[in-house]
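Today I am looking up charges and strands in the model below.

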Amino acid sequence: NTYCVIMAGGVGSRFWPLSKTSMPKQFLDILGTGRTFIQMTFDRFKKICPIENFMIVTNVEYRNLVRQQLPELGEDQILLEPLRRNTAPCIAYATNRIKAINPNATIVVSPADHLILNVEEFLFQLKTGIEFAGKNKALLTLGIPPSRPETGFGYIQIENKIENDNTDHLYKVKTFTEKPSLEMARIFIDSGEFYWNSGIFIWSVDAISEAYAAYLPDMYERFFTKGEDKYGTSSEVFFINKAYSECQNTSVDYAIMEKADNVYVLCAEFGWSDVGTWGALYAQQPKNEDNNVVQGENVFMYDTQNSIVNVTEDKITVLQGLDDYIVVETDDILLVCQKEKEQQIRHFVNDVKLQK
Ligand code: GDD
Ligand code: MG
């Protein structure tokens, strides 16, 4: 009864210039493990979910990337979106496709681009969550103990503990706040009552369908009611293209998790990181004696510390006198940026696009 939906339609702009619209983060092997983020995500979930129960939701532009990187999956397991509308339509589409196959399914929804170091612990927590979500009409998310006032995450405030045989860390959720201000994030962390939303959700078809009906009624009508007999048929693509062109652009976090009153969180530590930026990657990777992370061959470094370097191998790179920098070179772009200013990379991407 377990299905797994991998959301893989984002553009990962903060990893520019390595990650770009034509080749976003989830399709890159930024860690140098030999597997890309989406492949590692698939490898983890296939230990608890039959291969035929996977659905990858992505933009039509990335169809071939998914086919190449996950050749195990059938064509009908790749759901193609005509437009970027964030995660709410993405989950509505996948839920309905699964519902047409198995209305009693329990669905795990996961981002395609996260790093998990302790896979065994992760799978244990996941099984606990799947069991809970299969028996209760719950919108369950995996929560992570926060370590810094990061503003790019959802913050979850816990309420009552739920009795469970496998864990002492299952709670009813009191509030869910997506991407708070820095000021709020600090208050949340200091209070000790908050966890980060990992973005990995578990729920039954019933529970998530009811949430769309209650909090996204337009989307419910478009994807659930009107589409009921379309999923898995030859008219699906036409129907989906129309539904996307009409539906709003919003994430499941803002539209459902912040509003619903049956949200639960399973809090656990399994070496989770969303490795969202060069700085986060730097923090996570092993460093050399000068505290540098160097990815790529043929790099000569002098008086350079605390920096992350990711360069193409067909050129020699020589760096002198850098402290706390990001240096990334691709075939056509060279980026040199102070590590602490990395939030600006998103703006660089826009400026470069305008120039081209
Ligand atoms: N198919 C599809 N279509 N996938 C999408 C789309 C879309 O339009 N937009 C984003 N995604 C995918 C991304 O590729 C990623 O795998 C996942 O959905 C989450 O989207 P992000 O854009 O990375 O969300 P976020 O990082 O800002 O926030 C989410 O994740 C945080 C943890 O990393 C939220 O769930 C936060 O609450 C959470 O803390
Ligand atoms: Mg993300």
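Which residues are linked with Arg35 in a network of salt bridges? I found Asp43 and Lys46 linked with Arg35 in that network. I take a salt bridge as a side-chain nitrogen of Lys or Arg within 4 Å of a carboxyl oxygen of Asp or Glu.

Ground rules, before I go on. This is a predicted model, where local features need pLDDT of at least 70 and side-chain atom pairs count only at pLDDT 80 or more, while totals for chains, interfaces and linings use all residues. Residues are numbered from 1 along each chain as its sequence is written, chains are lettered from A and ligands numbered from 1 in the order in which they are written, and side-chain values use heavy atoms, with hydrogens and water left out.

Entry: salt bridges. I get 17 of them in the structure. One is Lys137 with Glu210, with 2.7 Å between the closest N and O atoms. This pair links distant parts of the chain, 73 residues apart: Lys137 is in the loop between helix 4 and strand 6, and Glu210 is in helix 6. Helices (H or I, at least four residues) and strands (E, at least two) are DSSP runs, numbered from the N terminus. Lys137 is partly exposed at 44% relative accessible area, and Glu210 is partly exposed at 44%. My cut-offs are under 20% for buried, over 50% for exposed and partly exposed in between (1.4 Å probe, protein chains only).

Next I checked Lys339, which forms a salt bridge with Asp324, the closest N and O atoms being 2.6 Å apart. The two sit 15 residues apart, Lys339 in the loop between strand 17 and helix 11, Asp324 in the loop between strand 15 and strand 16. Lys339 counts as buried because its relative accessibility is 11%, whereas Asp324 is partly exposed at 25%.

Entry: strand 6. Is it buried or exposed? I see 6 of its 6 residues (139-144) buried. Leu139, Thr141 and Gly143 point one way, and Leu140, Leu142 and Ile144 the other.

What does strand 6 pair with, and in which direction? It runs parallel to strand 10 (residues 263-267), joined by 5 bridges, and antiparallel to strand 9 (residues 194-204), joined by 4 bridges. Two strands pair if DSSP finds at least two bridges between them. Leu140 stands opposite Tyr264 in strand 10 and opposite Ile202 in strand 9.
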